[in-house]
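Please have the sequence and the 3D view ready.

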Amino acid sequence: MRLAPVDDTNRTAIAAMVLGESQAHFLASNADSLAEAEEDADARPRAVLAGDQLVGFLMYDASESESEARIYRLMIAPDEQGKGYGRAVVQAALSEIRALGHVREVSICYDPGNEAARRLYRAAGFQEKGLDEDGEMIARLVWPAAEARR
Ligand SMILES: CC(C)(COP(=O)(O)OP(=O)(O)OC[C@H]1O[C@@H](n2cnc3c(N)ncnc32)[C@H](O)[C@@H]1OP(=O)(O)O)[C@@H](O)C(=O)NCCC(=O)NCCS
């Protein structure tokens, strides 16, 4: 599994990748996320590839003027779920963010009824902090200063 930039070779396929009915309400569609990324210089959209196959989509932001990064979109194609990709994507995203050098904490938000997300992020070390004003659960991972630079 690896993360790759979104470009002309994968953009259409990412936009076409959709979740099933039971999960679609958990996050914006990939098409909407890609449109959003066009307008936001801090957004870092990524294709999730297994070999050459597109299996998911990730988006985070990590503004150089802020010590906090936010992972705000993560989806694995329905047929590819339950194979460990989600867990690997979180680790790859955290490595990429840590390598930027300026980030000390990473936050994520998800629907409080999204048990898969809760378990996935908890296993990666995120701690739930409570609901935001939209009723989304905020979870946070803080790196000690020395570790953030590693
Ligand atoms: C959440 C999501 C990204 C997980 O991806 P995945 O590739 O299926 O996850 P993995 O196979 O790597 O499993 C990692 C962990 O996630 C949790 N998990 C995954 N699917 C789960 C499910 N259906 N029910 C409960 N926990 C689940 C488990 O803790 C699992 O670890 P375990 O098997 O050791 O218990 C995927 O289910 C998805 O795309 N969901 C819809 C979009 C979404 O909700 N995104 C998150 C909010 S932004």
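A residue is called buried under 20% relative accessible area, exposed over 50% and partly exposed in between, using a 1.4 Å probe and protein chains only. Because its relative accessible area is 19%, Glu68 is buried. This is a predicted model, where local features need pLDDT of at least 70, side-chain atom pairs count only at pLDDT 80 or more, and totals for chains, interfaces and linings use all residues. Residues are numbered from 1 along each chain as its sequence is written, and side-chain values use heavy atoms, without hydrogens and water.

Glu68 belongs to strand E4, residues 68–76 (strands are DSSP runs of at least two residues, helices of at least four, numbered from the N terminus). Leaving aside residues up to four places away in sequence, Glu68 touches Val103, Glu105, Ser107 and Arg140 (contact means heavy atoms within 4.5 Å).

Now to the ligand. Around the ligand are 19 residues, of which Leu74, Gly84, Gly86, Arg87 and Asn114 come nearest (near means a heavy atom within 4 Å). Helix H4 (115–123) is among the elements that each supply at least two residues of the shell, and H4 gives the most, with four residues.

| Protein atom | Ligand atom | Distance |
|---|---|---|
| Leu74, backbone N or O | nitrogen | 2.7 Å |
| Gly86, backbone N or O | oxygen | 2.8 Å |
| Asn114, polar side-chain atom | oxygen | 2.7 Å |

Taken alone, the ligand exposes 910 Å², and the protein buries 76% of that (Shrake-Rupley areas with a 1.4 Å probe).

Key: A polar contact is a pair of N or O atoms within 3.5 Å; within protein, one must be able to donate a hydrogen and the other to accept it, and residues adjacent in sequence count only if both atoms are side-chain atoms.
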